[in-house]
Amino acid sequence: MILACSEGRSNTAVGADLGVSDATVGKWRSRFLEQRLDGLTDEPRSGRPRAVTDDDVERVITLTLETTPKDATHWSTRSMAQRSGLSHNTISRIWRAFGLQPHRTETFKLSADPFFIEKVRDIVGLYLDPPDRALVLCVDEKSQIQALDRTRPLLPMRPGPAERRAHDYLRHGTTSLFAALDAKTGKVIGQCHRRHRAVEFRKFLDTIEAEVPLDLDVHLIVDNYATHKTALIRNWLAKRPRFHLHFTPTSASWLNLVERWFGMLTEKQLRRGVHQSSGALEAAIYRYLDLTNENPKPFIWTKTADQILAKVASFCRRTLDT
């Protein structure tokens with residue numbers, strides 16, 4: 001406004017160009033003439049003075065982080081309001097401003113495996129730099145998958161209401177899925193068994209052997225379940241030197257890519273599926289296997305072993321500092 005007025009233009013013309021009234025232009029023009037540049041800064045505004053002081057904010061944050069109420073494990077906005085003498089809306093604004101959410105909690109799991117570093121480097125190395133003329137298979141079992149049927153018919157989704165189902169259900173048996181995910185192509189070898197023992201695992205190994213060309217080595221990434229370490233399995237492996245087992249660290253199943261595929265299976269087929277028999281459940285699993293292998297998409301591992309270990313170390317340091 002001031003620069004435009006300095007060109008000799010009227011208040012009305014400047015206001016029309018800038019989309020403000022001529023009175024607004026006149027006000028700022030007068031303030032500039034009286035106080036020069038100091039007149040162009042905002043003046044103190046009228047209104048209710050601040051009621052919540054910095055000391056009040058600090059007190060609420062300290063109470064939230066360092067104390068708990070007598071009758072609960074965590075604070076709510078109303079219990080903190082009663083404790084601090086402020087309104088629950090004020091408590092809510094303070095918590096939002098500082099990212100405090102006492103009602104939420106998360107879990108974490110750290111591996112206590114003494115060979116954690118070596119196993120991480122071994123498995124991540126297979127993902128990022130697989131050996132030549134070899135197949136890397138991520139193998140695991142999803143056990144005790146229940147065939148669940150609802151006691152009442154499903155009410156389908158409509159505009160507005162979501163799909164609704166009866167709270168109670170009927171169990172029609174269980175099955176266990178043995179799966180091997182090809183880390184390079186995303187294809188999955190799967191087999192369902194009613195039991196989950198070393199005998200079934202050996203049968204699944206026979207299936208893998210039949211699927212993999214004889215001129216390729218096979219690197220199997222498995223967890224530390226006892227089924228994978230029995231004498232039956234050790235004898236089977238001893239007779240087939242092209243098979244190599246790589247064990248994930250204890251409490252570190254996230255290193256096994258097949259777990260991600262299990263998550264997709266649960267989300268897309270099992271969680272909301274209705275199966276009136278274990279046979280129907282297995283048929284649904286096999287259909288999903290076929291669909292996966294029709295258009296396989298591998299999971300791309302991006303983190304190096306050093307990045308993973310640095311992140312774990314940083315988390316441990318933060319935990320110890322806390």
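## Exercises on rings, sheet and helix

By the ring-centre rule, with centres within 6.5 Å, the count comes to seven aromatic pairs. The model is a predicted one.

**Exercise 1.** Classify the ring pair of tryptophan 236 and phenylalanine 243.

*Solution.*
- Step 1. The ring centres lie 5.0 Å apart. The cut-off for a pair is 6.5 Å.
- Step 2. The planes stand at 75 degrees. Over 60 degrees counts as edge-to-face.
- Step 3. The pair of tryptophan 236 and phenylalanine 243 is therefore edge-to-face.
- Step 4. Check burial. Tryptophan 236 has a relative accessible area of 2% and is buried. Phenylalanine 243, at 5%, is buried too.

**Exercise 2.** Classify the pair of tryptophan 261 and tyrosine 288, and state which parts it ties together.

*Solution.*
- Step 1. The centres are 5.7 Å apart, and the planes make 40 degrees, so the pair is tilted.
- Step 2. Place the residues. Tryptophan 261 belongs to helix α10 (residues 258-270), tyrosine 288 to helix α11.
- Step 3. The pair therefore ties together parts 27 residues apart in sequence.
- Step 4. Tryptophan 261 is buried at 2% relative accessible area. Tyrosine 288 is buried at 8%.

**Exercise 3.** Work out the strand order of the five-stranded sheet and name the edge strands.

*Solution.*
- Step 1. The sheet is open, its order is β3-β2-β1-β4-β5, and its pairing is mixed.
- Step 2. β3 (188-193) and β5 (243-247) each pair on one side only, and they are the edge strands.
- Step 3. From one strand to the next, the twist averages 25 degrees.
- Step 4. Helix α8 (residues 198-211) packs on this sheet and touches β1, β2, β3, β4 (217-222) and β5. Its direction makes about 150 degrees with that of β3.
- Step 5. Helix α11 (residues 278-294) also packs on the sheet, touching β1, β2 and β3. The angle between the directions of α11 and β3 is about 175 degrees.

**Exercise 4.** Describe the pairing of β1 with β2.

*Solution.*
- Step 1. β1 (residues 134-150) and β2 (residues 169-182) run antiparallel over 11 bridges.
- Step 2. Leucine 137 stands opposite aspartate 182 of β2.

**Exercise 5.** Locate the buried residues of helix α7 around its axis.

*Solution.*
- Step 1. Helix α7 (residues 116-128) has 13 residues and reaches 18 Å between its first and last C-alpha, close to the 18 Å expected.
- Step 2. Phe116, Lys119, Val120, Ile123, Val124, Leu126 and Tyr127 are buried in α7.
- Step 3. These residues cover an arc of only 150 degrees, which puts them on the same side of α7.
- Step 4. Their cover includes β1, β4, β5 and α12 (305-321).

Conventions
Residues numbered from 1 in each chain as written. Predicted model: local features only at pLDDT ≥ 70, side-chain atom pairs only at ≥ 80, totals over all residues. Heavy atoms only, no water. Pairing = 2+ DSSP bridges. Helix = DSSP H or I, 4+ residues; strand = E, 2+ residues; numbered from the N terminus. Axes fitted to C-alpha atoms, helices over the stretch in contact; angles between N-to-C directions. Contact = heavy atoms within 4.5 Å. Expected span 1.5 Å × (residues − 1). Buried < 20%, exposed > 50% of the residue type's maximum accessible area, 1.4 Å probe, protein only. Arc of directions from axis to C-beta. Phe/Tyr/Trp six-rings, centres within 6.5 Å; stacked < 30°, edge-to-face > 60°.
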